[in-house]
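Work through the exercises below with the sequence and the model side by side. Each task is followed by a solution that goes step by step.

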Amino acid sequence: MSTEANPYALPKLRQQYQQAAASKEAGEKFHKLMSAYTRQDAVVLAYKAAAEAIRARDASMLSKLTYVQQASKQFEQAVQLDSANPEVRFLRLSVESNLPSFLGLSQHVDEDRQFLLKTLLNHPNSGLDAESFGLVRNFLVERGHVSDADAQKLARL
């Protein structure tokens, strides 16, 4: 299926996710697209969960928790389908690491961070294409998810 015919092609989803993270309007559009997704592809499900989390960011106080809990369930489903997929784990980390700890929904942060660090250090055999590798590496380093020593190792890759 070509990227044009498939609105759930990964390059397209990656771009829309970044736009959604930056803008409420793009977030609503991304959520609308992802809420229509009904298949069982682990990576696309992880983007669906991320769209739900972005919706929580822009929602009223009463609705935030509902959306975050829904995102958490969808991440669980995506990880069950493909726990070795670095993109799935990255999306879950990017959401969970931004949640307030009192919600108790950030229990995978350390596990995902360690998984992704190990995965990145195996690059180019990481299972990530160059674009995804750069995105994950920059996130881990810029958000302080890795030690200085590990950040230096990653910078050399």
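**Exercise 1.** Which helices each supply at least two residues of the lining of the largest pocket?

*Solution.* The model is predicted, so local features need pLDDT of at least 70 and side-chain atom pairs count only at pLDDT 80 or more, while totals for chains, interfaces and linings use all residues. Residues are numbered from 1 along each chain as its sequence is written, and side-chain values use heavy atoms, with hydrogens and water left out.

Begin with the terms: on a 1 Å grid over the protein atoms alone, a pocket is an open set of points where a 1.4 Å probe fits, with protein on both sides within 12 Å along at least five of seven lines, and lining residues have an atom within 4 Å of a point. Helices are DSSP runs (H or I, at least four residues), numbered from the N terminus. The helices asked for are helix 1, helix 3 (42-58), helix 4 (61-81), helix 5 and helix 7, and helix 3 gives the most, with 5 residues.

Next, consider the lining as a whole: it has 25 residues, of which Ala53, Arg57, Ser94, Val95 and Asn98 lie nearest the centre of the pocket. By class, 17 are nonpolar, 4 polar and 4 charged, where Asp, Glu, Lys and Arg count as charged, Ala, Val, Leu, Ile, Met, Phe, Trp, Tyr, Cys and Pro as nonpolar, and the others as polar.

**Exercise 2.** Describe the aromatic pair of Phe90 and Phe139, and state which parts of the chain the pair ties together.

*Solution.* Rings of Phe, Tyr and Trp (its six-membered ring) pair if their centres lie within 6.5 Å, and planes under 30 degrees apart count as stacked, over 60 as edge-to-face and the rest as tilted. Phe90 and Phe139 are 5.3 Å apart centre to centre with 85° between the planes, and the pair is edge-to-face. Phe90 lies in helix 5 (residues 86-96) and Phe139 in helix 7 (residues 130-142), so the pair ties together parts that are 49 residues apart in sequence. Both Phe90 and Phe139 are buried, a term that means under 20% relative accessible area (1.4 Å probe, protein chains only).

**Exercise 3.** Where is His108 found, and which side chain does a polar contact join to that of His108?

*Solution.* His108 is found in the loop between helix 5 and helix 6 (109-121). With a relative accessibility of 10%, His108 counts as buried. The side chain of His108 is joined to that of Glu96 by a polar contact of 2.8 Å, where such a contact is a pair of N or O atoms within 3.5 Å, one able to donate a hydrogen and the other to accept it.

Conventions. Buried means under 20% relative accessible area, exposed over 50%, partly exposed in between (1.4 Å probe, protein chains only).
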